[in-house]
Amino acid sequence: MKNVIKISKFMSLVLRHQPELIGLRLDEQGWVSVEELKEKAKTKGYHLDLDTLKYVVENNDKKRFAFNDDFSRIRASQGHSIKINLGYEPTLPPDFLYHGTATRFVDAIMKEGLQKRNRHHVHLSLDLDTAYQVGNRHGKAVMLKIDAKAMSAAGYKFYVSENGVWLAEEVPVQYIELT
């Protein structure tokens, strides 16, 4: 289990933030050849095979990674700090979505709204439990309820990643309620 977590963190690093660390070249939608990932991961001491990659993709608690249909390419589903176009189409959101954060960020959020910062999108959850898990990673968790229906009506676009995370460019403060 410890090794799976280590591999998952390594994959997050090279597929979301620093592909150049091992000389990977992601395409414009973040995909890379599985063979290239396996070969170049060896330079950092990771000896990956397809079964290991499948296990990590299937068992990652946040479902961060995805294969294409024939398992020849792999990518991170969201959370990139590098420029890519995930190719997601705008999707009509549910009435409400949720965002978990730490108490120390609440004042700034209630002044500025939720900003994507160095990521491509703000990440939102369908349910409070998932939002709580996310917020709890950063300190004492606080849940924010997002009026996604009103945002959508005002012209803001939402997307859904392959792993069910809802994405938005920003969430202005007027659509945020502390829960």
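Here is a short tour of a helix, a sheet and a cavity in this structure. Keep in mind as you look around that the model is predicted. Good places to begin are helix H3, which spans residues 50-59, and an open sheet formed by three strands.

**Helix H3**

- Leu53, Val56 and Val57 are the buried residues of H3.
- An α-helix has 3.6 residues a turn, so residues three or four places apart point the same way.
- On the face turned away from the buried side of H3, you will find the exposed residues Asp51 and Glu58.
- Look also at the start of H3, where a side-chain oxygen of Asp49 comes to within 3.2 Å of the backbone nitrogen of Asp51.

**The sheet**

- The strands of the open sheet follow the order E1-E3-E2, with antiparallel pairing.
- Strands E1 (32-33) and E2 (65-67) are the edge strands, each pairing on one side only.
- Two bridges join E1 to strand E3 (residues 73-76) in the antiparallel sense.
- To see where these strands face each other, find Val32, which stands opposite Ile74 in E3.

**The cavity**

- The largest cavity contains about 50 Å³ of space.
- Its lining includes four histidines, His80, His120, His121 and His123.
- Gln78, Gly79, Leu86, Arg119 and Leu167 also line the largest cavity.
- By type, the lining has six polar residues, two nonpolar and one charged.

Methods
Residues numbered from 1 in each chain as written. Predicted model: local features only at pLDDT ≥ 70, side-chain atom pairs only at ≥ 80, totals over all residues. Heavy atoms only, no water. Buried < 20%, exposed > 50% of the residue type's maximum accessible area, 1.4 Å probe, protein only. Helix = DSSP H or I, 4+ residues; strand = E, 2+ residues; numbered from the N terminus. Polar contact = N/O pair within 3.5 Å; in protein donor to acceptor, adjacent residues only side chain to side chain. 1 Å grid on protein atoms, 1.4 Å probe; cavity = no way out; pocket = protein on both sides within 12 Å on 5 of 7 lines; lining within 4 Å. Points joined across faces, edges and corners; volume = space filled by probe spheres on them. Nonpolar A, V, L, I, M, F, W, Y, C, P; charged D, E, K, R; others polar. Pairing = 2+ DSSP bridges.
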